[in-house]
Amino acid sequence: MNIGINFNGKNSFDDFGITIADGGRSFPMPELKTITATVPFMDGEYDFSYIDGKGHYNRRKITVTFNLSGSDWAEVFNKRAQVVSWLCSERGGELTFDDMPDFTFTDVTASVSGELTIIGRRVIQLVVEFSTYPYMLTKDFGERGWDDLLFTDDDYLNVLSYTIAGSYQFYSYADFDFQPLLTFTKGEIGTFSVLLNGKNFIFSEDRNDFRQEGFVFKPGINELNVNGNGTLDITARGEVL
């Protein structure tokens, strides 16, 4: 099986016929940010790395080495030019590997090494470094129980609620608790509330792409009670290192 990457709408093997070299892929853990401070006449320093209860990370670095081959050297270098153009044409995209379909690297930029390595007859290697958001985004974990209220069936759980009230269920296939990504747009009047597994959350101001403390989906069935006026988009995908 030829493993490829998916990036900028194309697959490395299917669209360009290039393969990942044996052992030519690495994506180590992102580096933990160390946040320290000191004051005069103090021994040591204050470490604020976990001041909000969790660590924060620098961008993840992923290195992939590709093998490029052709019927002659002209085809090899023409293919290299096409691949470089593909990889470097856009910034901020998503990256997946064929053998890791459940995980997506986001906010991705690519840089290509200028070094030319010839490893065989009409075969060269191309080393690419991807810089990504430190966390991997998981697959969509949910099954919706609210299609009768126009909640769309895609990667988002779109709570389109205008002065409605009701109880709904969301089934999470994840085997761990996770906080979904939320976007809230307030309605013309009043507030919007969601009772999730017995815990109440009130949304009143517009916010984009945030996580609400305590707003957690648990494995299995999650009970929601929706009431109020507004729009809440719930992205049922988690983040893992």
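Select Ser131 and its surroundings: leaving aside neighbours within four places in sequence, Ser131 is in contact (heavy atoms within 4.5 Å) with Arg59, Arg60, Lys61, Asp107, Val108 and Thr109. Before going on, note that this is a predicted model, where local features need pLDDT of at least 70, side-chain atom pairs count only at pLDDT 80 or more, and totals for chains, interfaces and linings use all residues. Residues are numbered from 1 along each chain as its sequence is written, and side-chain values use heavy atoms, with hydrogens and water left out.

**Around Ser131**

Ser131 belongs to strand 10; strands (E, at least two residues) and helices (H or I, at least four) are DSSP runs, numbered from the N terminus. Is Ser131 buried or exposed? With a relative accessible area of 10%, Ser131 is buried. Here buried means under 20% relative accessible area, exposed over 50%, and partly exposed in between, with a 1.4 Å probe and protein chains only.

Now show the side chains. Ser131 and Arg59 are joined by a polar contact of 2.8 Å, and the side chain of Ser131 makes another polar contact, of 3.4 Å, with that of Lys61. Such a contact is a pair of N or O atoms within 3.5 Å; within protein, one must be able to donate a hydrogen and the other to accept it, and residues adjacent in sequence count only if both atoms are side-chain atoms.

Next, pick Thr109, which sits in strand 8 and is buried at 19% relative accessible area. Not counting residues up to four places away in sequence, Thr109 touches Arg59, Arg91, Gly92, Glu129, Phe130 and Ser131.

The term stands for a side-chain nitrogen of Lys or Arg within 4 Å of a carboxyl oxygen of Asp or Glu.

How many salt bridges does a search of the whole structure find? It finds 4. Another to select is Arg25 with Asp99, whose side chains meet at 2.9 Å, N to O. Arg25 lies in strand 3 (residues 19-26) and Asp99 in the loop between strand 7 (93-97) and strand 8 (103-112), so the pair ties together parts that are 74 residues apart in sequence. Then try Glu205 and Lys186, a salt bridge of 3.6 Å, N to O.

**Into the cores**

The largest nonpolar core has 25 residues, and those with the most contacts inside it are Ile5, Phe7, Phe66, Leu87, Leu95, Phe97 and Phe130. At least two residues of this core come from each of strand 1 (5-7), strand 6, helix 2 (73-88), strand 7, strand 8 and strand 10 (123-132). A core is a set of buried Ala, Val, Leu, Ile, Met, Phe, Trp, Tyr and Cys residues joined through side-chain atoms within 4.5 Å. Centre on Phe66 to see its contacts, including Ile5, Ile18, Ile20, Leu126 and Val128.

For a second, separate core of 19 residues, select Phe170, Phe217, Ile234 and Ala236, which are among its members.

**Last stop: Tyr46**

Finish at Tyr46 in strand 5 (residues 46-47), a partly exposed residue with a relative accessible area of 46%. Together with Ile35, Val39, Phe48 and Ile51, Tyr46 forms a nonpolar patch on the surface, with about 480 Å² of accessible area in total. Patches are made of residues with over 30% relative accessible area and no salt bridge: like charges are joined within 9 Å, nonpolar side chains (Val, Leu, Ile, Met, Phe, Trp, Tyr) within 5 Å. Accessible areas come from the Shrake-Rupley method with a 1.4 Å probe; for residues, only the protein chains shown count as cover.
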